[in-house]
Amino acid sequence: MLPKYQLKFKTFELPSGKNIDLTRMTIKIKKELLLLSEQEENKLKIIEKLVKECSNKDTSINKLSLADVFFAFFQIIILSEGNEFEFKFKCLECGKENEEIKINLTEALKVKEFTGKNLQKIDEDLYIQFQPLNFYDYMKIKEKYSTIVERKYYELLYSIKAIKYEGKVFKDFSIKEIEEFIDSLPSDLYELILLKYEEVRDKVYIDYILKCKFCNKEFKLYVEDIDDFFV
Ligand SMILES: [Zn+2]
C-alpha cells in the first residue's frame with residue numbers, strides 16, 4: 001500500500017491573540033473549493049471551508065473573529081500558492097490595462113490587533129467594552145443587510161460586550177436589547193462609539209501601492225472586504 005503524504009502544520013498567531021496550526025491545501029480540497037465557488041454566491045462560505053480543511057482539527061472556527069479567519073485564509077493561500085498574487089487593473093491616469101501585476105501578499109497584508117479588552121470611555125457616564133467581531137456574526141450580517149450603513153451598525157452591535165452606564169455595568173444582553181439602547185442615544189454619541197470601535201477593533205486588510213507599467217503613476221489598493229476581493 002502506498003504511504004499517505006503527511007502534511008506539515010505551521011503555527012501562527014492570530015489577530016485576536018490565539019494560536020492556530022495551518023497547512024497547505026491538498027488537490028482534493030482545491031477541487032472541492034473550485035466546485036463550491038461555481039455554485040456558491042456567498043464567498044465567506046468558501047473561506048470558511050478552506051480554513052476548516054487546512055487547520056488543525058481542534059480549531060473551532062465559531063470561536064474565531066472575522067479578522068482571525070481572514071488572516072488564516074491568507075496564510076493558507078501563501079503556504080499553498082506562494083507569495084505572489086496576480087492582479088489586473090486599468091490605469092486611471094493613462095487608461096491602459098495593466099495585465100498580470102504581481103502583488104506580494106505578505107507585504108500587502110496588514111494586521112491590526114484587537115486592543116479593546118477593557119471598558120472604553122465614551123463620555124462621563126458611558127463606557128463600552130468591545131469584543132472582536134465573530135466570523136459567523138459577520139456572515140449573518142452580510143447575508144441579511146446590503147447597505148454599508150446597516151452593516152457597520154450591526155457589526156458594532158455584535159462587537160459590544162459590556163456597557164457601563166452611570167456607574168453600573170451591564171453584560172449578557174441580547175442583540176435586541178443592545179439595539180434599543182444604542183438607538184436611544186443622541187447621534188453625536190453614536191459617532192463617538194463608532195470612532196472608538198474603529199480604534200480598538202481587530203482588522204485584516206490589504207494596503208498596497210500599485211504602479212502603472214506604462215505611465216508609472218501610483219495607486220493605492222485598499223481592501224477590507226477580503227471575501228469580495230480574493231475569492
Ligand atoms: Zn498609467
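In this predicted model, the buried residues of α3 are Leu66, Ala67, Asp68, Val69, Phe70, Phe71, Ala72, Phe73, Phe74, Gln75 and Ile76. Just after α3, glycine 82 adopts a positive phi of about 90°.

When its neighbours within four places in sequence are left aside, phenylalanine 70 is in contact with Val204 and Ile226.

The chain as a whole has 231 residues, of which 19% are buried, and its secondary structure comes to 9 helices and 11 strands. Its C-alpha atoms fill a box of roughly 65 × 60 × 30 Å, taken along the principal axes. Of the contacts with a separation of 6 or more, 61% are accounted for by residues 24 or more positions apart.

The division of the chain is into domain 1 (10-82), domain 2 (86-111 + 203-229) and domain 3 (117-200). Between the C-alpha centres of domain 1 and domain 2 the distance is 23 Å, and the contact of these two domains takes 10 residues from domain 1 and 9 residues from domain 2. On the side of domain 1 that touches domain 2, the elements giving two or more residues are α2 and α3, with the largest share, 6 residues, coming from α3. That side of domain 1 divides into 9 nonpolar residues, no polar residues and 1 charged residue.

| Strand pair | Sense | Bridges | A bridge partner pair |
|---|---|---|---|
| β7 (residues 126-130) and β8 (residues 160-165) | antiparallel | 5 bridges | tyrosine 127 and lysine 164 |
| β8 and β9 (residues 168-171) | antiparallel | 4 bridges | alanine 162 and lysine 171 |

The hairpin of β8 and β9 has 2 residues between the strands, and within this hairpin glutamate 166 takes a positive phi near 50°.

A further local setting is that of leucine 36, which is placed in helix α1 (residues 27-39). Leucine 36 has 13 other C-beta atoms within 10 Å and is therefore partly exposed, given that a residue counts as buried with 20 or more such atoms and as exposed with 12 or fewer. Not counting residues up to four places away in sequence, leucine 36 touches Ile46 and Lys49. Leucine 36 and isoleucine 46 are 10 residues apart in sequence, while in space the distance from C-alpha to C-alpha is 7.0 Å.

Key:
Residues are numbered from 1 along each chain as its sequence is written. This is a predicted model: local features need pLDDT of at least 70, side-chain atom pairs count only at pLDDT 80 or more; totals for chains, interfaces and linings use all residues. Two residues are in contact if their C-beta atoms, placed from the backbone, lie within 7 Å. Two strands pair if DSSP finds at least two bridges between them. Domain bounds come from an automatic or database domain assignment. Ala, Val, Leu, Ile, Met, Phe, Trp, Tyr, Cys and Pro count as nonpolar, Asp, Glu, Lys and Arg as charged, and the others, Gly among them, as polar.
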